[in-house]
Amino acid sequence: MIKKILKYALNIGLILVITLFTLNLIFKEQELPEIISDIKIADPRWIALGAAAAILFVAGESSIIHYMLRVLDQKTSFLRCLKYSFIGFFFCYITPSSTGGQPMQMYHMKKDKIKIGYSTLIMLLITIAYKSVLVLLALGFLIFNYNTVAAYAGDMKWLIVLGFVLNLSFIVLLLLVFIKPIWARALGIKTVDLFTKLHIMKRRNKEKYTEKLITICDTYAMGADYIKKNLWVVFNVFLITVVQRMCYFSITWIIYKAYGMTAASYIDIVTIQIMIAIAVEMLPLPGAAGITEGCFLLAFSEIFTMERVKPALLISRGLNFYLILIIGAIVTFAASIINMRRERKKTKQ
């Protein structure tokens, strides 16, 4: 437990160091009062709307959890589902490639007496929908608004290509586990053996990772069976995920409006934001810190103008990353305290 806490603390520290280093590079020629002055120019009403969009983004996942639990005949309040989402996003934001969120969500669901089979299925559906919707939106906007991507996001084309490759590879692996779970299990075991022989993985951990792999494959096989029998439920999850994702991608447009700008359309700004998301989300950096800021500056400098793009970046990251991170940290801390008190009561009884 202490090792995990230290690991998460180091990840948070890494995010802060990368962010401070990035901001120092971006604003090295500007004084703090000047930066604050540029931020204050933005209309606070639009900023409040942007904060609401960020909260709705998190609440979108909560809606899926709440909906799925109701489908599975589990009575749980929406507020509790909101707790799971903030905890999930907090750990996603502080772990590389967003790998830490769902295990912690399942842990807290288990503490609330939700069966591990149910929580695993829900997290599985959320993962598939979240990644698939991103790729589908990215492909759709790329095809129908290619000129905008070429004009504004052309400097990060190789990152976008890499993002598509990583995301599509992840989805293909999920489909392989779904369609051919026995093949996926055999391939996974061979990969573990290879990593052990190459000393990438410690020999003493071989059995542990093999067991985990078998459990994951078996779980995904059960999930595949559920999806085949409940396609309407899956469709609803995908629909909610589209709305959830669009809330997130709309934040940049809201900031654009906060500065009273009108030249660029909603579709163009959302298109570029989706390209940034596809480029950075699978990269092994906690919160995609540093690279996200760089991509924002590359893609939006012309749209926001050189004068406004830096304060827009600060507001953007403040709303879609740090606001969620801070609320998530508070919710996680409060949930941990409540769980500790429950455990103490049990031991006293």
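This is a predicted model: local features need pLDDT of at least 70, side-chain atom pairs count only at pLDDT 80 or more; totals for chains, interfaces and linings use all residues.
Residues are numbered from 1 along each chain as its sequence is written, and side-chain values use heavy atoms, with hydrogens and water left out.

**Exercise 1.** Determine how helix 6 and helix 8 are oriented to each other, and which residues make their contact.

*Solution.* Begin with the axes (lines fitted to C-alpha atoms over the stretch in contact, with angles from 0 to 180 degrees between N-to-C directions): those of helix 6 (residues 116–144) and helix 8 (residues 157–179) come within 10 Å and cross at roughly 135°. Helix 6 is therefore oblique to helix 8, given that angles under 35 degrees count as roughly parallel, over 145 as roughly antiparallel, 65 to 115 as roughly perpendicular and the rest as oblique. The contact (heavy atoms within 4.5 Å) involves, among others, Leu124, Ile128, Lys131 and Leu142 of helix 6 and Phe164, Asn167 and Phe178 of helix 8. By class, the residues of this contact comprise 13 nonpolar, 3 polar and 1 charged.

**Exercise 2.** Work out how helix 5 is oriented to helix 6, and what kinds of residue make up their contact.

*Solution.* The axes of helix 5 (residues 101–111) and helix 6 come within 9 Å and cross at roughly 150°, so helix 5 is roughly antiparallel to helix 6. On the helix 5 side the contact is made by Gln102, Gln105, Met106 and Met109, which meet Ile116, Ser119, Thr120, Met123, Ile126 and Thr127 in helix 6. These residues divide into 5 nonpolar, 5 polar and no charged. Beyond the end of helix 5, lysine 113 has a positive phi, near 65°.

**Exercise 3.** Find the span of helix 4 and how many of its residues are buried.

*Solution.* Helix 4 (residues 78–93) has 16 residues and reaches 22 Å from its first C-alpha to its last, close to the 22 Å expected at 1.5 Å a residue. Of its 16 residues, 13 are buried, and helix 4 is thus mostly covered.

Definitions and conventions. Helices (H or I, at least four residues) and strands (E, at least two) are DSSP runs, numbered from the N terminus. Ala, Val, Leu, Ile, Met, Phe, Trp, Tyr, Cys and Pro count as nonpolar, Asp, Glu, Lys and Arg as charged, and the others, Gly among them, as polar. The expected span of a helix is 1.5 Å times one less than its number of residues. Buried means under 20% relative accessible area, exposed over 50%, partly exposed in between (1.4 Å probe, protein chains only).
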